[in-house]
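Please keep the sequence and the three-dimensional view side by side while reading. The paragraphs below move from the whole chain to single residues.

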Amino acid sequence: MIHAALYARVSSTRQKQHETIDSQTACLREHAQARGWEIPEEWVFTDDGWSGASLVRPALERLRDLSAQRLVERVVCLSPDRLARNYAHQVLLVEEFTRNGTELVFIHNPVATTPEQALMVQFQGMIAEYERAQIAERTRRGKLHRARSGATSVLGRSPYGYRYLSRAEYGAAVYAVAEAEAVVVARIFHRYAAGGISMRALARELTADQIPSPKGNAQWDAGTLGRLLRNPAYMGRAAFGKTQAVSTAPRANRTSRLAGRSIPAKAGVVARPREEWIEIPVPALVSEEVFALVQRRLAENAKFSPRNTKTPALLQGLLVCDVCGYAYNRTSQGPGPKKYHYYRCPGTNGWELPGGIKVCTSRPLRADALDELIWEKVIALLSDPALVRDELERRLERMRDADPVQARQQRLHQEIATVEAQINRMVSAYQEELVTLQELRDRMPGLRTRRHTLQRQLDALAAQLVDQQAYLKLAENLEGFLSRLRESARTSSILDRQRVLRALVKEVRIGPDRITIKHSIPSTSSDPTPGYLLRCRSLDLVAEPE
C-alpha cells in the first residue's frame, strides 16, 4: 500500500473564510483515493492564510521534516503555485523532496518524466511568480488609489483610541471613537504638551492609575507613548504610506556580532519623507495646536535631552559651525579631575567622515569662556524692558490679526452646521420615503459620531482661549520678572540658564572671525565685543534677530 501526504495552501483571509482550502483538500483526497493511495489523517498538511512567497510556513515545515525522515513516498498538491509562488523556491523544494525519495504529484500538471514536461512545469512556475508580482502591484495601486480618495479601509488596524468599523458593519470602513480610550489619549497629549513631565514619568503615572495599555497590559512603556504622541491620526489626519521597503539589509547589532549570528539579507523598512504621506481624514481626539506643541517638544527633547550628555552644557544643541554646518559637540582635555572643556566641530574629525577627509578647519573654543560670553549677551538683551515689551506687543498684535484658534473655531462651527444639515436631510428623505429605514440606520450613527467629535474639538478650543487670555496677563508683571532674572543671573544653575537660552536663542553660529547669536527678539544692537580669549585669536560677537 502506497502512503501519500496532501498539501494545500490559500494565501488570503478571504479565501480562508470562504473555505477554499476545504475544496482543495477534497480534490486531493479524491485524486489519491482513485489511485488507491492511503492517506493517514495526520498527513494532511494545510496552510490557511499563508503567502506562497515565503518558505517559512507551519504545515510546509512539518511536511519537509517528514520527508527528511524518509517516511512519506508521495506528496499530492494541486499545482506548483500552491507549493510556492517563486520559481526558485519550487526548484528548491522539488530537488529536496527528490533527494529524500519523495515523489511530488501535481493534479493540474503532468508528471515531469520527459524534458518537455519538465519545461512545462518550469514555465508554470515562472508564470505563477509573474502572477504574484502582478497581484502585489495591483494591490499596491489599488490601496494607493483608495488612500488618495480618502478611504479609511487602507489603514487597516485602528490605533489606540479608535475602533475599526468594517464595511460589513457600516457600509464604508471608518474609525469610530472609543470614548474610554479617547479620554486617555487626550490626557496623554495635554500632560506632555504642558511640559514638566517625561515619557517615563507619564508611563509610571498611567500604570499607577491602573489604566490598561493599548495591548491590554498593566504596564505602560515610554516607547508606546512615543509612538502614540507621533501619530497624526489623533489630530484628525491619519497617514498612509509612512514607511517603505528598501533593498538594504539591516545591520547586525553588537549582540548579534558577539553571538556569531548572521543577519538575513532581506529588505528593511525605513520612514518615508513627511511630504510623501497621504493624509486621510478621521475623527480628531486632540486639536491641531496641541499636536503641534507636542511635536515641538518631542523635537526639542531629541535635541536637548539630558541623555545626550553626562554633564550638562549651557550651549548644548545650540552651537553650529558657520563653515561646514555641523553642530558642535563638547570635549575635554587634561589629566585627572582638572579638565578643560572645549566646543569642537566634528567636521574636523576626518577619521569619522566618509572617505576619511575632514571638511572643516575650525579650531576648538574654550567652553567656559564661550558660555559666559553668550550668557552675558543674553542678559544684556533682557535688561531692556522696553525692548521686550515691544516684542511682546508685536506678537500680540500678530496674534490678534491672525488667531489660528479663532479661525479653527469658525471652521468647526461650519462643519457642525454641515453635519446637522446632512442629518436633517436624511430625516426628511426618510419621511418622504426616498430612503429606506435600513439606509437611515446605516448613515445616522456615522453622522452623529462626527457631530459629537466636532463638538468635543470645539469645547477644547474654548478651553484654549481661556488659557490664552490668562497667559496674556503675564505682560503686566514683565518688569518684575526681568528684575528677578537679573538678580539671579549670577547664581542660577546650568539647567536654569539652559531654559532661558532655549526660550530666546535659536542657534549660535561660529564663524572663522565672528560669533553670531540668532535670537527671537529684534534688536538693532550689533556692536562687536572683541577681546575674549576663545581661541588663539579673538572673535567678534554679533547678535542678530531670527
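Helices (H or I, at least four residues) and strands (E, at least two) are DSSP runs, numbered from the N terminus. The model is a predicted one, in which local features need pLDDT of at least 70 and side-chain atom pairs count only at pLDDT 80 or more, while totals for chains, interfaces and linings use all residues. Residues are numbered from 1 along each chain as its sequence is written, and side-chain values use heavy atoms, with hydrogens and water left out.

The protein contains 18 helices and 17 strands. Of its 546 residues, 37% are buried, where buried means under 20% relative accessible area, exposed over 50%, and partly exposed in between (1.4 Å probe, protein chains only). A contact requires heavy atoms within 4.5 Å. Among contacts between residues at least 6 apart in sequence, 65% join residues at least 24 apart.

Consider next an open sheet of four strands, which has the order 2-1-3-4 and parallel pairing. Its edge strands, each pairing on one side only, are strand 2 (44-48) and strand 4 (103-106). From one strand to the next, the twist averages 20°. Two strands pair if DSSP finds at least two bridges between them; strand 1 (residues 4-10) and strand 2 are joined in the parallel sense over five bridges. Leu6 has Val44 in strand 2 as its bridge partner.

Helix 3 (residues 58-68) lies across strand 1, strand 2 and strand 3 (74-77), and runs at about 150° to strand 2. Axes are lines fitted to C-alpha atoms, for helices over the stretch in contact, and angles run from 0 to 180 degrees between N-to-C directions. Helix 3 also packs against helix 5 (residues 87-99) at an angle of about 30°, with the axes 9 Å apart. Helix 3 is therefore roughly parallel to helix 5, since angles under 35 degrees count as roughly parallel, over 145 as roughly antiparallel, 65 to 115 as roughly perpendicular and the rest as oblique. In this contact, Leu60, Leu63, Arg64 and Ser67 of helix 3 meet Leu92, Leu93, Glu96 and Phe97 of helix 5. These residues divide into five nonpolar, one polar and two charged. Here Ala, Val, Leu, Ile, Met, Phe, Trp, Tyr, Cys and Pro count as nonpolar, Asp, Glu, Lys and Arg as charged, and the others, Gly among them, as polar.

Helix 8 (residues 179-193) packs against helix 10 (residues 222-229) at an angle of about 90°, their axes being 11 Å apart. The two helices, helix 8 and helix 10, are therefore roughly perpendicular to each other. Val185, Ile188, Phe189 and Tyr192 of helix 8 make this contact with Leu225, Leu228 and Leu229 of helix 10. The classes are seven nonpolar, no polar and no charged residues. Helix 8 also packs against helix 12 (residues 288-304), at about 55° and with axes 9 Å apart, so helix 8 is oblique to helix 12.

Most residues other than glycine have a negative phi. Arg70, in the loop between helix 3 and strand 3, has a positive phi near 55°. Arg70 counts as exposed because its relative accessibility is 54%. Gln210 lies in the loop between helix 9 (199-208) and helix 10, and its phi is also positive, at about 60°. With 71% relative accessibility, Gln210 likewise counts as exposed.
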